[in-house]
Amino acid sequence: MTIGIEHILAVSGLLFVIGFFGVLLRRNTLVVFMSLELMLNAAMLALVGFSFFNATMEGNVFVLFIIAVAAAEVAVGLAIIVALFRRRHTVQLEELVSLKG
Amino acid sequence: MPSDPQAYLTLGIFFGIAVAAALVPIGLSHLWLRWFTPAKPGPSKHSAYECGIEATGPARIQFKSQYYVYGIVFLIFDVEAIFLIPIAVAFLDLPLGAVLVAAVFVLLLLESLAWCWAKGYLNWK
Amino acid sequence: MNYLELISHVLPEIAVLVTALVLIGMGCAGGSRGGGKAVLAVTAAGLGLALAAVVFGPESGRLLEGMIVVDALTRLFKAVLLALTLGTALFLFPGGEAGGNEGRGAENSALLLLALLGLLVVVGTENLLLLFVGLELASLALYLMVVFAAPAGRPAEAALRYFFFGSVAAAFLLFGFSFIYGATGSIDLRVIAKVLAAHPVEPILPLGVGLALVGFGFKVAAVPFHLWAPDVYQSAPAPAAGFIASASKVAGFFIVAKVLVLGFGVVEGSADWGAFAMGWAPLVAVLAALSMVVGNLAALAQQSVRRLLAYSGIGHSGFILTALVAANAEAVRAVLFYSVIYGVASLAAFGVAGCVLRARGADRLEDFAGLGRTAPAAAGVLALALLSLAGLPPLVGFFGKFQLFAAALSGGTPGTVPGLLWLVALALLMSAVSLYYYLRVLKQVFFAPAPADAAPTRDTSAGTAVCLVCGSVLVLLGLFPSLVLQPLQRALVQLF
């Protein structure tokens, strides 16, 4: 079996949806975080796949930037969580977000 | 506009499968919880290790959130180095301008390091 | 391309970046003294330099295959963003909001400038990669601004919520971009438009555009991606909220209009009544209708004025998206014009709200009682801003809304009943609703007696000046709208 673009898209779509439902359903902020990264990784996988099958470099360059942006996002998010943890001593989402929608 | 309605059907089916793949394990685990492992709380059930040594002290260990600060700082400097890889790969063919741009990038990293240092985030308190 | 040419085209961005780095350096060196007048002077000087670089810089240019684009439109919007940020920076200082975060003034200002830098990059590009990087830079700086100036627990929670919503939206945007790239083989908007015009549409393209719309919907706080907005507007320090409601929203609408009309004009589809065709227009029409209804009706029930402003902002996103559905030159002009005046009016409204918050400790409707007597200038500016948002003549809001709805009606085949009549009728109805809650605030301001123990509202002279400038801009543009419309028209002629 040769690996085609549809296989890559299938995996990346699965990753994205799993990540999305992880964000929606998980309660621990750190796990929510990991799910977010899963969503970004799905987009990266799709970009690399398209880049390979389109035979253009833009997708690979895009991925390089996403890796850096994702790291910055993790740093900011962790900083917010640490700031909250110092005050509230919990990382459970329903205990943290007490604001009304 | 749609070139081939069949292709949309494939997409729709695929997304249905993707959503199911995310939701079904969660649903199954809930069913499993309800049918096969009903909650039977008890002192031995609640102990940290059901066999072996009796746990002493509280389960919540205090550890400094400053570990995280170190982690964050490390993460940033570790991952931003990714931009140096393309430069390193093509280093011998680079014009002067590109080398200067790389130098500016490293200087930016240096300023953030200096900021962390001056603010005392690198000191262990 | 040589580096000098590149530098001359991004000089405003470089000025803003260098100023931010200098401010970080000041925060580094100053320790607890970092704050106050010096920071304000550096910020203002940097913004002034950037503005000069925009005004006297190159008139047009397109470098690196659309990564950096300079034309009349981008120059106009960069100038608007710089002016709005200058206004926000003056609110940040001193004595006022800086009260809860001693020694962080320099970093706060640097974050503001980094957010601005992200928005400038977003405005000045036609490349999906730079678009994403700019949006993320702005968002990350804004998350930190919301949490950084936090005196007590609540803003950190709002920041966490803002962060999670924003990150999910960014992931959607990115996933959408990856499909767009896969379907067209390019991340340059102009090339994408050409490919779309020449080839049949691949099925993954609509998926990509839809996913990207989720990300953009978050950026402009359109229903159903609005859930972060009320908390952030209410809990964030007033200058940060003002920036999110003004500069960030202006850039958001600019980029939504540019991407959809310039890049995906071919696959617009139609949201006309009875002539429905698949494309992005029906999706945007649904977002617009939902935003108008949910935003305006929820605003009726609010007690906190900043929350009310947040919901009214969601409603305004709906009004603006209404015109975008028509997607012709007139509609784009109306969208851009209205987003600018919306930005000015919200900056003024948040400025006054922040001033009341500082004086009375809360921003419930009752806290605005008697403001007309204790602080006539602030009350006057608030009245101007709210009435302009409500769209009463002779203020500029009336003219802007008129343009929006006229542009929406101008779409479709000439001589028939306009297909977007259903959307415009809804918009007019919701405008009438919005008048009610704006007047509810103004009734408190002018007709309710001030509480006996009311602390006098004192504000920094800089903040008052910004409010007054915003107010006079609203009146002046209402009398002479061509001051902004004509440059906008000329700029758009180049684009279309």
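The exercises below work through one contact between chains and the build of one chain in a predicted model.

**Exercise 1.** Describe the contact between chain A and chain B, and find which helix gives the largest share of the side of chain B.

*Solution.* Begin with the residues on each side: the contact takes 18 from chain B and 18 from chain A. Next, turn to the elements of chain B, where helix H1 (5-35) and helix H3 (66-80) each supply at least two residues of the side that touches chain A. Of the side of chain B that touches chain A, the largest share, eight residues, comes from H1(B). Finally, sort that side of chain B by class, which gives 16 nonpolar residues, one polar residue and one charged residue.

**Exercise 2.** Work out how the radius of gyration of chain C stands against the globule rule for 496 residues.

*Solution.* First list the elements, for chain C has 21 helices and two strands. Along its principal axes, the C-alpha trace of chain C spans about 70 × 55 × 40 Å.

**Exercise 3.** Is helix H12 of chain C mostly covered or mostly uncovered?

*Solution.* Locate the helix at residues 247-264 of chain C, where H12 reaches 25 Å from its first C-alpha to its last, close to the 26 Å expected at 1.5 Å a residue. Then count burial, taking a residue as buried if 20 or more other C-beta atoms lie within 10 Å of its own. By this count 17 of the 18 residues of H12(C) are buried, and the helix is mostly covered.

Notes
Residues numbered from 1 in each chain as written. Chains lettered and ligands numbered in written order. Predicted model: local features only at pLDDT ≥ 70, side-chain atom pairs only at ≥ 80, totals over all residues. Contact = placed C-beta atoms within 7 Å. Helix = DSSP H or I, 4+ residues; strand = E, 2+ residues; numbered from the N terminus. Nonpolar A, V, L, I, M, F, W, Y, C, P; charged D, E, K, R; others polar. Rg over C-alpha atoms; globule rule 2.2 N^0.38 Å. Expected span 1.5 Å × (residues − 1). Buried ≥ 20, exposed ≤ 12 C-beta atoms within 10 Å, placed from the backbone.
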